[in-house]
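Colleague: I'm new to reading structures. Could you walk me through one?
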Amino acid sequence: MYCNQRPEKPGVKKGMLEKINNMARANSLWVTAYGTGCGAIELRPLGTSRFDMERFGIAMRPTPRQADVLIISGYLATKTLKRVIRVYEQIQDPKYIIALGSCTINGGMYFDSYNTLNVLDKYLPVDVYVMGCMPRPEAVIDGFSLLMQKIKDGRAQGWKHYKENLDYYRENQKKIITDWDLPDYNW
Amino acid sequence: MVKALAIFLPLLGAFINAWLPGKSPKASRVVSYLMLTAGLIAVIMLSIQLGAWNLRDLSDSVILSTGVGSPPLSINLEITAGGTLAAIVMYAATIFSLHRFALTTPKSQPLILALLTASLGLLFATDIFNSFVFLEIGSIVTIGLTAACKCGSRWEAAIKAALVSGLVTILYLLAVAVLYRSTGMLTLAALGNVSGASAVIVAILLLTVIVTEIKAFPLTGWGLDFYQGTSSIVAGLYSATWSLAVLLWAAKVLPLLPIGNPIIYAWIGAAGLVFSQLAGLRASSSGRIMGYSTSAYASLLLVAAGTTTGAFYTQTVIVLMIFSSIAKFSLFMLGNPEKKDQWSGFGTLLFLVPILLLAGIPPLPIFWAKFAFLAHLASGFPVIFYAVLAGLLLEAVYLFRFWSARSEKTGEKSAKRPSAVAAVLLMLLASVWITRMSWGALDFSGSIIESAGLRNIFHGLFAIGTLLCLPGVFNRIGREKSYWFWLLISGAALTILPAAGNGLTFYLLWEISAFAAVIGVSKGTAASKGTFWYAVFASLSGYLLLGGILLSKGSFAMAGVPAVLITIAALVKMGQFGTHLWNVRTYPAAPGTLPAFLSGTSSKAAVLLLVAVAVNSSSASLPWGRVIAWIGALTALGGAILAALAPDYKKMLAHASVSQLGYILMGLGLASILGWTAAIYHTIHHLIFKMALFLGAAGVLYRTGTTEFNNLGGLVKKMPWTFAFTLISVISFASIPPLAGFGSKWLLYNGLIEQGWLPVLIVGMFASVVAFLYSFRLLHGVFLGQLSPKNAHAKEAPLPLLIPQALLAMAIMVLGFKPTILLNFLVPVLEKIGLSGLAPVIQGDMVLTTMGTWNAWMVGLMVMGLFGFAFVFYWISGHKPKYVGQLDIGFAGEMPPSADEVHYSNNFFRPYQRALSFLPKIHAQKIFSGVNKTFNMLGDGVRALFTGDGRTYLAHSLIFLLLLFVFLNGGM
Amino acid sequence: MGAVIDPATDPKKTTHLYFGPQHPGVTGNMSIEMWFDGDQVTKAITHVGYLHRAFEKLMEKRLWIQNFPLVCRICVPEPDINEECYAMAIEELAGIEVPEKAKWIRTLVLELARFAVNLMAFGGQSGTLGLHTAGMWGITFRDFVLDLFEELTGARIYHIFIQPGGVRRDLPEGFEGRVEAVLKKIEERLPELDRLVLNNAIFKLRTQGVGIVKPEWIEEYGLVGPVARASGSTRDLRKDAPYEVYNQLEFDVVTETGNDIFARAMVRRREISQSMSLIRQILKKMPKNGPVATKLPNLTTWRVPAGEVYTRVESSRGEYGYYVVSDGSLTPRRIHVRGPSYVHAVPLLERMLVGANIADVSNIMVSLTTCPPEIER
Amino acid sequence: MIDKTKKELEIRFPLLKLVREMHNYLHVEVEKASAMDAILMAKTSLGFKTLQLISSVDRMEENLFQMTWILENYNNETTLLISARYPRENCIVPSLSDIWPAASAFEREIFEMFGISFPGNPREGEDFLLEGWKDIPPMRRDFLTEEYSMKLYGERQPREHLDPRQYIGDMVGEWNTPMGQKRKEEK
Amino acid sequence: MGNIVSIVLTILGALSWGLLLGGISRTVTARIHGRMGPRVTQNFIDMWKLFKKTSSIHHGGMFWMAPMFRITGAICVLLMVPLVIGNSITYNMSFAGDIFLVIYIMFFGCLGMALGAGNSGHPYAVIAVSRGLAQMSSYELSFSIAVVAIAVGLKTFRIEGIVEAQQAGILSWNIFRFPFASAGALIAFLPMQMAYPFGIVLAPQEIPIGPPTEYSSRFLSFMFSGRALFGTAKLILFVSLLFGGASNWISLLVKTFLLYMYPVVVSSVFPRFRTEQSIRFLWFVPTSLALVDLIRVML
C-alpha cells in the first residue's frame, strides 16, 4: 500500500552540469499550494501585479508531486504538522522549505500554546526563514532570492539532510504527533 | 387376435383390478403391468405390421370387428398405422405413470386402465356411436381420476369436467340423432352423406363437440381449469392418453364433417391460436401453461384440418399430436413447480428438452412437422401463415418463461424421474429417427453463398472463433459444468452454416446453433433471466427467418417481404436497435467463455445471413439499405452511450458488441465495394477483439468472482497479461491507428462519403468517439485505479484463457500493420459479386480510394518506431523512478482511508449522463415493457373469458354453437 | 440529481476524498471530507483545527492590553473587527467612554477593512472558477487599500490600531486625500471588473442556482452577513444595532433574493460600492480635531471590573461576537470568539454540499468566504 | 422588549441572577435544572429563534462550569444570554443539537476543550479542533499550557545573535540535529 | 535519409516552438492580469528543472508508459501534417494517411494519458479523465463535421490536397470558403487546447490538477514536452485546414503564433464551464454551425 523502503542516501553531485541544473532549479521554483498559516494571505498579493513572483519563475502548483518548494506560512499546529510532513515527503527531490514568520523560528507569540510547535527546525529541514509577523511580500521575495542564491551555490541541502537524519526527525515528529498513522517511509 | 388384445387387454386388466382391490395391491399391480406390457407388445407388433414406422405412408389400416352385427351394436375398430404409434405412446405413458399412481392413489388402477381402454377405443373407433361410448367412458373416468387425486381444487375440476361432458353428451346425441335420421347410418363415413339443413346441424353440433373436447380456443376454459386443478400425475397421464386420443379422433372426424369449405377450421384455429397464446402469456402455473399449450396444438390441428388433406394431413397431425403429448407428459412428470423442489442442472436440461420440443425447435421432431406444415401454409394461406407464426412465437415466449421461472429454483437435489428420463430419451431417439426421415431435404450441395471466398471467410471465422473459446472451458466455476458441449455443438453448426445449400438447411443449422447456445447459457450461475431473454429473442429471429425462408420457398433468391423478414431476423440476432436487450442480459449471465463465443462468433451468423440475402438478390444489396445503415448508425451511437454508462464489465461489453455490430450494418447497408470491404473487415476485426475482451472478462470473473465495476479495479498489478491483451483490443476497437480498428472505420467512412451518406457518417463518427468513453471506463473499471483488498489474492488468468487472447492480440497487430493481406484477398472477391462503387486500389502497402490514402504499414512503423525510441530514451537517460504503493497518492495532505473507498467507480460518467438528460429517456427496456404491457393487457382481456366458473364455459359452448350456426348458415 | 447514496450503507458506491487541507480550492487551511457518487457529493464533513493556536487559552494568560496583538490574528483578512469587538467589550466592562473622533476613525478603519476584504472576495469568487484575471485584479485593488493601512497603522495586515478608549493615533496629514485617490482609482476600474464577472455569461451559468441557501435556514442555523442577505435577509448590525458612528451615516442595507452564489457575489459587489460611499461620508463628516484616545490607567496593573458581556460587530462575513468574562483580575477570565464562519463552514456547508457537484464545492465554499481561523482560534 | 422577556422568564423560572441588562440585551442566570426549559421557552414563545453561541467558563475555584447560551431574536435584534452553573466533576449538560443543527459543532468543541459531555449529540466525540489529544481538556483552568508546551516542544530558543540575518542565516537547517551539532562544534 | 533528418528537425523545432509559444502565452496572460510575467524562456527552464529532478515516483506500468504514449501520439500527429507546402521534404509522413488518420491518431496520446492517470489510482485524476473524455467526445463531433464538410467540399481527404486547394489567394482559404465549418472547428479548438471556458480537465480548484496529478519530475517533463508538441501539431493542422497552410517558414510561424494567441486571450476572460454545460454547449453551438456547411456541401 505504501512505500516500505528507507530513502536512499543521495549522492553528491558536482561539476558544470550540476551548476547548470542548479541554475535551472533556482529559476523555476514551484511552490506547493498549501497555506498552512496566516502568512498565506500575503502570498496572494505576491502573485499579483505589484510583486509578481512569476517574474522569477516562481509558480504555484496544486499538488506536492510537482512542486519544489513548500512554504510554511507561519505557526504549525500539530494537526497541520502531520499533513505538512506528508506533503513535504511527497515532494520530489530536490525540495526546499521556506518558513515564514517568527512563530516558525521559536514559537513567536504562540510560544506557550499547547497546540503549536515552537521550533520548526526540529521537525522539518528549513532552508530559509523569513522573519516578521507576518512577513511582507517584499520580505518573502527576499527569502526567495536567498533560496535561489543558496540553490545556485549548491547549499540548499535541507532535503539531503532530512534523508540522512531521518531517524532524528521521525523521533521528534512522533513525539508530538501522538496518533502517528503515517507510513514511516513515504515518497 | 393380436389386434383385439392390443385394445382390450387394458380393459381386462381393469376388470381384474376392480375385482382384486384391497385384497392384494401387489397382485393387482402385477396384473396391470402384465396386461399393459402385453398390450404394448401387441401394439408395437401391429405398428410394425402396418408399416407405421416409415411415417411417410400412414394410410394402412386393419379393421377389427368385435361381436356380431354392425355398429352401433358391435364395436368396429379401424386400427390405422398412425393410431398404432399413438397407442404405443399411450401404453408407454400408462406404464410409466402406473407406479406413481401406485404410490399416491393405489385404488385408481382400474380407472387408469379404463382410461387407456377408452382412449384406444376412441382412437380407433369408426362408428360415431361407438365413439360416443368411448367418449363417455373417457369422460367418466377422467372425472373419477380427478376426484380421486389428492389435490385442493380437484372437486371443482371434476365438476367442471362433468358439466362439460354433460353438454357434450347432449350435443353429441343430438348430432347422432340427426345423422341417423338423415342417413340411417352411424359410421363416420356416413357423415359425408348428409346434406341440406341436417348437414349443417350435424356439422355445427359435432364441431362444437370437437372443439370443446380438444379444448381449442374459445372453449379452452374448462381444460385450463382442469389442468390447473388436478394433480400433475393425473394431468400427465390424461394428456398422454385421453387428450391424445381425443385429438386424433378429432383429426379423424374433422375432414369428414359436412361443411362446405373446411377452411373455416383453419380460421377458427388460427384465430384461436393467436388469442389463446396471448392469454397464455399471462399464465403462471404450470398446469395452466400446459393447458394453453394443449389449446395451441388443438388449434394447429384445426388449421391443419382446414388447409391440408390426405397423407400429408395425417403425417402432420400424427407427429404434432404424438410428440406434443409426449412433451406434456414428461413436463408433468417432471414435477409440479408449485412444490418448489430443488433442481439440478441435469433436471433443468431434462426440463428443457420437452419445452424445446413443444416450441418446435430443430432438430426435435415437432419442428419437422411444423416446418412442413408452415411451408404448406406459406404457399397458399398467407394470412393464416402469419397468424400461426405469431401464435407459435407467443407460445415459445411463455414456454421459455415457464422454463426460466422453473430453472430459477435449481440448486441442490435432482428430481430425476425415471419416467421423465425415459420420455426425454425417447424423444431424442425419435428426433434422430425422424430427422433421418428428412421431411424437407437438407442440402449441402451448393451453398447459398456462391462466392467461395466469402464462404471460406465465414467458415474460417466460425471455426476459429469456436476453437479459441474451447481451451477456456476447462476453467469453470461451480455449476457451469457442461456448457462446453453445447458450445461445441453450437460452434459446429455455425461452422457448417455457410455451406448450407437451401433455406431449410440454413434454418436448421441456425436454430441448432442458437438453441445449443441457449442451453449452454442456461448452465451459468443465476442465468435463468439471461437464458429466457436469449431463448425468446432466438425464437423471434428464428421464426422471422423461418417465415422468410418459407415465403420464398426455401430459396435465398428473394425480394420483398421475405427479404425484409430475414433482414429483421438478422437484426434481432445482432441485437440492433432495441433488441439489444437480450445481449445485455444474456452475455453477463452466460458462463465461462460462452459470451466470447456468443458475441464474437455467434453474432456473425447474422452477418452471414445478411450477406446471403444480399448476394442472392438481383442488385447484390439488402432491401432498404439506407434504412439498415441508419439502424446501424443509431445503434452504434446508442450502444456506445449505454456502454459508457453500464455498471458491469460484461454488460458494457454486451452494449459495446451491439454498438460495434452497428458499423457492420452501416457497411452492409452501403452495398458498395468499399462498404462491404469495411463490413467484412469489421466482422473479422470484431470477432477478434470482442473475443479477446470477453476471454479477458472470463479470466477476471474466474479470478475475482465478479464483473461489477464497483468491485473491481487495480487488477493490472495482478493480471498484467490480461490487461495487455485487453489494452490492445481496446486501442483497436477505439479505432486508434496503428491497430486494426482504424482500417474498418477508414474504409467505412470512405464508402459512406463515396455514396454521399454524410449524415450516417457523422453519426458513425460520433459513435466512434463515444467509444472512447467506454473503452477507458472498461480499462479503468477493471484494471486501473485502486486494487480492492478483496481482490488482493487474484492471480493472472489461467493459460487456456490467456493463450487464445494472445493469439487474438497478435491477429489484431497483424491486421493493423498489414491490412493489405486481407484486403488483397477480399477486394477481388467482392468485386466479383457485382457490387456498385469503386474498389479501393492497393499498391503495395498503400490503400487508395478516390479521396483518401492510407498506408497502415508506414503508420505502424512510425508509431512503433517513435514508441520504441521513447522507450529506449527512457532507459538510457538513467531514469529510475521509485515504485510507490497504490495508496501513496497526494491526497490533499491526508491519508487515504482505504483502497475501496478511494477507488472512483460508481456512476463514472455522471456528467455525461447529466448532459444527456435533455433527451427523452427512450429506453429499449421501456419500449419492450410497453409491448409486454400491451400483450399482457390483451392477454388479460382474453383471459377474462376464462372465469373459472363452469357455467361460463357452458355459455361459451352455446355461444360458439350459435355463432357457428349463424356463420355457416349465412355461408350457405 | 439522482438519489443520494449514503456512504455508510454502500461504501463501494461512493468515493471518499479529502478536499483540503492541501488543496488550491479550499479557503485557508481546513478540509472537507467528502463522499461522492459519480461527481455528486453525498456526504460532507468539515474538518477544522489545522490552525488551532489556543488563542482563548493564551488570552487567559496575558494582560488585558497584551491580548490586542492576539485578537487581531484571529481573522487574517479582516483583523480590525476583532480589535473593535474586544475593545468594545472592555469599554463596556470598564465603562470607558470613547472620544468622538476616535469613533469616526474606528469606523473608517472598519469600513476600509470591509472594502479590502470584499474586493478580494469578489474577485476570488471568479478566481475559483478559473477566471484568474478578476481574482488578480481584486487582490491588486486590495493592495492599494493595504497601503492606506500601512500609512495609518504601520502594518499591512495586523494593524493593532484600535485600543480601549480610542485608537492608537490620529490620521496622518493629507490622509483623506490619499484615501480619495485610492477610491477613485478603484472606482475607475470597477466597471471593467463588473463586465468581466457579473456580465459574464459563463460566470452566471456557474453561479446562478448553485449553492442555494434557503431563507428558512437563516434562523435555523443563525446565518449572518452576506450569506443571509443574499437570501433575502435585511439584517445588518450597522443598521439594526449601530455601534460607533454608523447611526450618523446614510446607507441602505444591501439585500438580494437569489439565494445562490451569484446573489452572494452581487451582495459583495454592492457592498463594495456601499463601503466607498460610507468611507467618503466618514471623511466628509469626521470632526477635524479632538482627542483620539482616552487616558487609560497603568496597563500593566489594569484590572478590568468583573462582569460578563457579549459584544457584536458586523464584519464583512457577518455578525462577529465576543463573549468576554472578567473576574476583576489582571487577565481575562474567559474570552469566547464567535465568528460567522463557525456556522457557515461547519453545519451549513455540510448541509449545502450534499447533492452538490464536485465542481462546485470550492465555488460554494468561497461564496461563504470561510475564514478557518475564526472557527478554531 | 427586554422588559417583557425578563418578566416572562421571571414568571416561569426563578432567576438566580440578573447578570446584565442593556438596551436590547439581557443576561440572566437560571437554575441548571430549568436552563433547558428557559431556552426552549425563549425559542418557542419569546422569538429567540437563533442560537448564536454556546460558551463555557471554567469556574475552577467554585468547582463549577458556567454554561452560557447566547440566543438572538432576528426580528428585533435582541440578545438573550442564559447562564447556568454545573458541577465540575463529570459535567453533563443536555444537548441542543436536535433543536439547532448549529449547536452540534459548539458542543463538540466544548466537549473537546472542557470535557463537558452533551448526551444526545450524535457526533459527540468526533475530533473537532484537536487530534489525538491525550491530556486533560486544554481549556480547563488546571491545564497549564506553558508547562505543556515546554515539555513537548522544548524550551524557547534563546537568541545568540542580535542580527536576525545571522540568527536565521545559513546555519539554519543544520544545527539542531546531532550531525549539525557536530559540525557546529567543529567550527 | 533526408526524410529522417527532416523528421528529427521537425520534432525538435516543434518542441522548441511549442515551449516558446507557451512562454509567450504566459507573458500575455500576465499582461492581461496587469503583471510583468515570466521570461519567455521560462518553459525551457521549467522543463530542464523537471528533467533534472533527482527523484521521481511511479505507480505501475501504465503510469510509467503514459508519457511515452503522449509523446508518441503528439509526434505522430505532427508528422502526419505537411509543414510547408511546396517543400516536399517537410511533408514528413503525411503520405501515409489522410485527415481521418490524423483525427484518430490524435486519440493515441489522449488514451495513453488517460491510462496513466487511471493507473495512478488518484480519484481526482480519474474524475478529470472522465470529464476530459466526455468533453472530447463532444468537441470531436463538431470538429469532425467541420473536417468532413471541408474534405467533401474540396473532394479530398489528403491534407496536402486540402492545403493545395487553398493556394489561390487569401479568399480561397477554407475559413472564407467554409465559414461555418471553420467557426465550428475553431470553437472546438478551444477545448482541444484546454482553454477556458472549456478547461475542465486541469481545473486546479476543483480537481487538482487532473490527470497529471501524480506525475512528477521527469515524467512531468515528458508530459509537458508532449503537450508542447501536441499543441504545435494541432496548430499546424488547423493552419493547414483553415488558414491556407504555409507556403514558407515565416508564414508558418506567424500563422501558428496568431492562432495560438486566440485561446490564450479567450481563456483570460472566461471562467470554466461545469462539465455538462461544456458538453451541451459543444453539442449544440459549434455542431450546428458546422452542420450548416455540411448541409451546404451535401446540396
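Predicted model: local features only at pLDDT ≥ 70, side-chain atom pairs only at ≥ 80, totals over all residues.

Colleague: Which chains share the most contacts?

Modeller: Two residues are in contact if their C-beta atoms, placed from the backbone, lie within 7 Å. Here 8 pairs of chains are in contact, and chains B and E share the most contacts. Chains D and E, on the other hand, don't touch: their nearest C-alpha atoms are 20 Å apart.

Colleague: How many residues does chain C have, and what share counts as buried?

Modeller: A residue is buried if 20 or more other C-beta atoms lie within 10 Å of its own, with C-beta atoms placed from the backbone. Chain C has 377 residues, and 65% of them count as buried. Its C-alpha atoms fill a box of roughly 65 × 50 × 35 Å along the principal axes.

Colleague: At what angle do helix 17 and helix 27 of chain B pack?

Modeller: Helices are DSSP runs (H or I, at least four residues), numbered from the N terminus. Axes are lines fitted to C-alpha atoms over the stretch in contact, and angles run from 0 to 180 degrees between N-to-C directions. Helix 17 (residues 452–469) and helix 27 (residues 673–704) of chain B pack at about 5°, with axes 11 Å apart. Angles under 35 degrees count as roughly parallel, so these two helices of chain B are roughly parallel to each other.

Definitions and conventions:
Residues numbered from 1 in each chain as written. Chains lettered and ligands numbered in written order. Buried ≥ 20, exposed ≤ 12 C-beta atoms within 10 Å, placed from the backbone. Parallel < 35°, antiparallel > 145°, perpendicular 65-115°, else oblique.
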